[in-house]
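This report considers the strand pairing, nonpolar cores and salt bridges of a predicted model. The sequence and structure are shown first.

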Amino acid sequence: MTSTPQTSTWTIEKLGALGVWSGGGTPSKSNPAFWEGGTIPWVSPKDMKFVSIDDSQDHITESAVKGSATKILPKGSLLVVTRSGILQHSLPVATNSRDVTLNQDIKALTPKDGFDVKYLYFALRRFGRDILHKCCKAGTTVQSIEFPRLKDFEIPIAPLPEQRRIVARIEELFSHLDAGVAALRHAKAQLQRYRQSVLTAAVTGQLTQEWREQHPETESAGETVAAMLKERKEKWERKGKYSTAASPSGDLYPLPEKWCWATWDQLSHWVTYGFTRPMDHVEEGIPIVTAKHVKNSRINYDEGHRTPYKAYDNLSEKDRPQPGDILVTKDGTIGRAAIVESDTPFCINQSVAVVWLRTCPMYRKYLLTTIETESAQRQMTEKARGVAIKHLSITDFARMNVPIPPLAEQHRIVAEVESRTTAIDHLEAELDRQISRSNRLRQSTLAAAFSGSLLK
């Protein structure tokens, strides 16, 4: 039960007593007359991202309103998502600034006289976690709120004039927080641009220009690549016909002296991807790494499924990356990459490409840097195919140009990049802390508002 604020003019009321509640529905998708040329907003959970809703992604016709369960909801109502996966961690609420219709996953409260809709909106923002805790159904596949419990949930109600003063004060304070967060996000964007400028300088030779002048005796990268390809061909020909690796397709930009262009096909023994068939899942077993587990230049072995040891042993060698290989996401979010540094066994599925670098003399951290540059990311994005989900062909990736400096310079480049990006990481972490602090301030503001102390 919600505690009574320390003021004699406030009351505790059930949500069900504050006005008229209504639900929505989905007009038949098989009836074109319900959807084609529709102008009436049809609000679903995917639209519930704003304080006030004046439009939606989907629209229906007057015929749909007359021929289905969905009805016109008057502006100035309170919208609450009651069925969605997002209810696992948050309660989306909004108001509507124009008449709309709703789908069946949203309930709406049209307040009676004496209740300010924005006050009720902020109240549900304040007590959202309590509502989820007390009103969500247990054991359902998709999180949902039991409507009778929602209507029985109690909130503190101030007199109407005080409701409006509370709303005005919350909006004033939130506007200051919004401006601060916008400045913090702008600073983060600036840091990202600086990070990319560092990476660009790294792979164009600008970052180590002074170092090269001090080390003129360095062996040419072209000689190293040529020697590597010669050795690979000699070893390969003992096994059968040799397949020539794809050569670079022209220069993307000028390179310093003793640098050269190569392709991933030339640098690697093999560019391939993981298994495509379903794998059994167990509590204890070998980690299955998918595209979502490769992020921020790291591989997360702990959050995904695991497969039995026997199933892992039966996998092809291509599905079991080794230390020194590089993983690259090829489906969905394209181009995230990480070096395999642990000898802990794991396997990959088809959403992840693996670049075998088992005979490559190049510095792995430098090669990873080339993938993270804006130029490489753009190449991969342009080559990706697909509509709903993008897919990058491993053949296209293998033929991508890679700028190769001499080996000693690769090490120097990585040291220079890490010294700069470490500072960027610290600044970004501090900005994230400040953004999190602003979120906590919002919650403390709402807590003060509905305890009766915000206007004191």
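Two strands are taken as paired if DSSP finds at least two bridges between them. By this criterion strand S3 (residues 40-43) pairs with S8, since 2 bridges join these strands, which run parallel. Within this pairing, Val43 has Leu102 of S8 as its bridge partner.

**Sheet**

The two strands belong to an open sheet of 3 strands with the order S5-S3-S8 and mixed pairing. Strand S5 (58-60) and strand S8 (101-102) stand at the edges; each has a single partner strand, so one side of each lacks a neighbour in the sheet. Strands of a sheet pair through backbone hydrogen bonds, either parallel or antiparallel.

In soluble globular proteins, nonpolar side chains tend to be buried together. The largest nonpolar core of the model comprises 50 residues, and those with the most contacts inside it are Tyr119, Leu120, Ile145, Ile155, Ile170 and Phe450. Elements that contribute two or more residues include strand S6 (78-81), strand S7 (93-96), strand S9 (106-111), helix H3 (128-135) and helix H5 (160-204). Helix H2 (117-126) is also one of these elements, and H2 gives the most to this core, with 7 residues. A second, separate core has 43 residues, among them Leu207, Val225, Ile326 and Val417.

**Salt bridges**

Side chains of opposite charge can pair when their charged atoms come close. The model contains 21 salt bridges.

| Salt bridge | Distance, N to O |
|---|---|
| Arg306 and Asp302 | 3.9 Å |
| Asp319 and Lys318 | 2.9 Å |
| Glu418 and Lys365 | 3.4 Å |

Glu418 lies in helix H13 (residues 407-449) and Lys365 in helix H10 (residues 364-372), so this pair ties together parts that are 53 residues apart in sequence. Glu418 is partly exposed, with a relative accessibility of 36%, and Lys365 is likewise partly exposed, at 32%.

How exposed are the partners in the other pairs of the table? Arg306 is partly exposed at 22% relative accessibility, whereas Asp302 is exposed, with a relative accessible area of 65%. Asp319 has a relative accessibility of 2% and therefore counts as buried, the cut-off for this class being under 20%.

Salt bridges also form a network in the model, linking Arg195, Asp425 and Glu428.

How values were computed. Residues are numbered from 1 along each chain as its sequence is written. This is a predicted model: local features need pLDDT of at least 70, side-chain atom pairs count only at pLDDT 80 or more; totals for chains, interfaces and linings use all residues. Side-chain values use heavy atoms; hydrogens and water are left out. A salt bridge is a side-chain nitrogen of Lys or Arg within 4 Å of a carboxyl oxygen of Asp or Glu. Buried means under 20% relative accessible area, exposed over 50%, partly exposed in between (1.4 Å probe, protein chains only). Helices (H or I, at least four residues) and strands (E, at least two) are DSSP runs, numbered from the N terminus. A nonpolar core is a set of buried Ala, Val, Leu, Ile, Met, Phe, Trp, Tyr and Cys residues joined through side-chain atoms within 4.5 Å.
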